[in-house]
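Visitor: I have never looked at this structure before. Could you walk me through it?

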Amino acid sequence: MGFLMSRLGRYLLTETLLGIGLTLLGVSAAVLLVDVVEQLRTVGARAQLSLLTAIYLTMLKTPQLLQQTLPFVVLVGTMIALTRLNRRSELIAIRASGVSAWRFLAPTAAAAAAIGALSTTVINPLASDLYGQYEREAARIQDGGKQQAIPTTKDGVWLRQGDKNQQIVIHADRADLRTASLNGATLTFFDVANDGALKFSHLMNASQANLRDGFWQLTTVTDAVPGQPVARYTHLALPTPLKQTALLDRFVNPSTLSFWRLPDYIAQTKSAGVAPTRYELAWHTLIAAPAFFAAMAVIGAVFSLRLQRLGGVAQMAATGIAIGFLLFFVDRMVSAFALAELTPPVLAAWAPPIAGLFGAMAILSYVEDG
């Protein structure tokens, strides 16, 4: 900490942030240009879309895209900063003064970790909110200004609720975002035996089930109990612990949920009987962001320390970028394993950044200490 607060530490930190800032500006310009064209090609193919509207949609989407590219921004920005120091022979002077790479790379790693923490706690909530607005606005434009019911799978919507005495499996043809309701709902009731076994109790069909505060409002209901005549109701209220967000949980993109909202969604998903894997993965990935960013920074730094006079600097830089992309690919691959429930979300989120960080430190140890 003392070195970080020293004059040299502050100078290295400033250089690192400058390199990352320049890279971010370049990436932002490229993202804006490419995504405006993409909006005109995709959304504009289904509806009349002006250039200003395309720019507006891009501005809503850009923070999310930039958040996804930030690890590479940190990687390239770190390499730019250290390459500039190398060209000015400042790294040689720092080494000659007795400061090892372990010390003068500490500000770089600290800056990257701080950017990761900022990305998780500040940028992510903003990006998630704007991305949610983007999805709604893009859907509205493609829908001709109407808000359709949300798409469902070919098997419809499945939910579950209950307690230690009774379990209810709910199936519906469609779910509607506007009214938080299920259309064509079938509710199957099971009694829970002492040994935990489920025994079928009765079956309800409702033309519509609206989720209210603490209960389902069922419309046009038929209740079939074995051995009894079918009962019919125009309206019927059924208590439920589910919230409106739980009804729509399986259709909510984790990218539209901020870091601060994810724990509630995870709890609500569990109460709805739906596996919260993708939300747990998103949450742990955000927590692990500082470690992932630090790993990218150290990887970039390790391959930027070669002296200019020795040559091969471009090859080393290309190798560093390739290893950064490899780490990102491994991170995505392990995340896919987690979504397929082959790997625990915690392991999928933390293993790649920790492995990348320790791998980069091992390379630095070999380069610096032999």
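The questions and answers below go from the whole chain to single residues.

Visitor: What is the mean pLDDT of the protein chain?
Guide: Good place to begin, since this is a predicted model. Among the residues of the chain, 86% reach a pLDDT of 70 or more. Over residues 145-154, however, pLDDT stays under 50. The mean for the protein chain is 83.

Visitor: What percentage of the residues in the protein chain is buried?
Guide: The chain has 370 residues, and a residue counts as buried when its relative accessible area is under 20%. By that cut-off, the buried part of the chain is 42%.

Visitor: Is Ile-115 buried or exposed?
Guide: Beyond its sequence neighbours up to four places away, Ile-115 touches Leu-17, Ile-20, Val-74 and Phe-293. Its relative accessible area is 17%, and the cut-off is under 20%, so Ile-115 is buried.

Visitor: How far apart in space are Ile-115 and Pro-71?
Guide: Along the sequence, 44 residues separate Ile-115 and Pro-71. In space, going from C-alpha to C-alpha, the distance is 9.5 Å.

Visitor: Which element gives the largest share of the largest nonpolar core?
Guide: That core has 33 residues, and those with the most contacts inside it include Val-74 and Phe-293. Elements giving two or more residues to it include α1, α2, α5 and α9. The largest share is ten residues, and it comes from α9.

Visitor: How many residues are in the second, separate core?
Guide: To find this second core, look for Ala-185, Leu-218, Val-221 and Leu-242, which are included in it. Its residue count is 19.

Visitor: Which side chain does the side chain of Gln-39 join in a polar contact?
Guide: Gln-39 sits in helix α1, residues 7-46. With a relative accessibility of 0%, Gln-39 is buried. Leaving aside neighbours within four places in sequence, its contacts include Leu-49, Thr-58 and Lys-61. The polar contact spans 3.2 Å, and the partner is Tyr-134.

Visitor: What distance does helix α10 reach from its first C-alpha to its last?
Guide: Helix α10 covers residues 313-339, which makes 27 residues. Its buried residues include Gly-320, Gly-324 and Leu-327. In an α-helix there are 3.6 residues a turn, so residues three or four places apart point the same way. At 1.5 Å a residue the expected span of α10 is 39 Å, and the model is close to that, at 39 Å.

Visitor: Is Glu-341 buried or exposed?
Guide: Glu-341 lies in the loop between α10 and α11. Its phi is near 60 degrees, a positive value in a residue other than glycine. The relative accessibility of Glu-341 is 56%, and the cut-off is over 50%, so Glu-341 counts as exposed.

Visitor: What is the phi of Thr-220?
Guide: Thr-220 is not a glycine, yet its phi is positive. The value is about 50 degrees.

Terms used: Residues are numbered from 1 along each chain as its sequence is written. This is a predicted model: local features need pLDDT of at least 70, side-chain atom pairs count only at pLDDT 80 or more; totals for chains, interfaces and linings use all residues. Side-chain values use heavy atoms; hydrogens and water are left out. Buried means under 20% relative accessible area, exposed over 50%, partly exposed in between (1.4 Å probe, protein chains only). Contact means heavy atoms within 4.5 Å. Helices (H or I, at least four residues) and strands (E, at least two) are DSSP runs, numbered from the N terminus. A polar contact is a pair of N or O atoms within 3.5 Å; within protein, one must be able to donate a hydrogen and the other to accept it, and residues adjacent in sequence count only if both atoms are side-chain atoms. A nonpolar core is a set of buried Ala, Val, Leu, Ile, Met, Phe, Trp, Tyr and Cys residues joined through side-chain atoms within 4.5 Å. The expected span of a helix is 1.5 Å times one less than its number of residues. pLDDT is the predictor's confidence in each residue, from 0 to 100.
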